[in-house]
Amino acid sequence: MQLDKIAKSVRKRIFKFKTKSGKGHLASCLSIVDILVSLYFDKNTDFDPQNDVVIYSKGHGSPAVYPILADLGFIDKDELDKYCRPDGILRLHADASIPGCHFVGGSLGNGIGYAAGLAYGTDKNIYVILGDAELYEGSVWESLMFIAHHNINNLHLIVDRNQMGILGETEKLLKLEPLKDKFKSFGFKTNIIDGHNFKELSSSLKIGDKPSITIANTIKGKGVSYMEGVWQYHTIIPKDDELIRKGLEELT
């Protein structure tokens, strides 16, 4: 199974339904595609799509999973064309009404708390995807204390470290580094990886004997050259026909 080809197909379909609807956060979806493809399609990870749970604490990135859910039969593939339409089931952010989804993320910092409680009360493996700018929220660090104190080891946190938020570069807005040292000080097993390298992803996305965090270095807008690393595209979805054509061409 060629994970890179799957990832490109997923990105292309995200680009299509996002540009068609003009709604949501396209660049934030594109940065986490390889993480999701690794979880759902790479048998070397511990993730079980039928039983385990992914919580999108960065809820604006959650539509990235929709093409994957379509490929795996959770939803009809036709639903992608009805994203954010009254006659479709796919919402702006993933919620529990959508097969294969479990939680609607909106306000940043809430998803990790929900996931901590869920993992504390179940034997299922829970994976949480956080945005790096989301780490500005104090509720994230409160949840980390809770997770570490109770040694919730069926919980794996994944930080989408694209180094950009809605207002610019994270290290210029409010410095987050050294992130690994901060997480380790809470008692977490912490890895820093290339979030677009499937070998590194599969070796890191494991459930162990202690709470774990993967800091995945990613590129915002990954796959579309004019969007990559441009923080303004956090909220901008291409509308110009030529930009849409170029994006689709690059993702084909």
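I looked up helix 1 (residues 3–21) and helix 3 (residues 33–41) and found that they pack at an angle of about 125°, with their axes 9 Å apart. Axes here are lines fitted to C-alpha atoms, for helices over the stretch in contact, and angles run from 0 to 180 degrees between N-to-C directions; helices (H or I, at least four residues) are DSSP runs numbered from the N terminus.

This is a predicted model, in which local features need pLDDT of at least 70, side-chain atom pairs count only at pLDDT 80 or more, and totals for chains, interfaces and linings use all residues. Residues are numbered from 1 along each chain as its sequence is written, and side-chain values use heavy atoms, with hydrogens and water left out.

I noted that helix 1 and helix 3 are therefore oblique to each other (angles under 35 degrees count as roughly parallel, over 145 as roughly antiparallel, 65 to 115 as roughly perpendicular and the rest as oblique).

I then listed the contact (heavy atoms within 4.5 Å): Leu3, Ile6, Ala7, Val10, Arg11 and Ile14 in helix 1 meet Val33, Asp34, Val37 and Phe41 in helix 3. The residues of this contact divide into eight nonpolar, no polar and two charged (Ala, Val, Leu, Ile, Met, Phe, Trp, Tyr, Cys and Pro count as nonpolar, Asp, Glu, Lys and Arg as charged, and the others, Gly among them, as polar).

Next I turned to helix 10 (residues 241–250), which packs with helix 1 at an angle of about 165°, the axes being 9 Å apart. Helix 1 and helix 10 are therefore roughly antiparallel to each other.

In this pair, Lys8, Lys12, Phe15, Lys16 and Thr19 of helix 1 meet Leu243, Ile244, Gly247, Leu248 and Glu250 of helix 10, and by class I recorded four nonpolar, two polar and four charged residues.

Notes:
Helix = DSSP H or I, 4+ residues; strand = E, 2+ residues; numbered from the N terminus.
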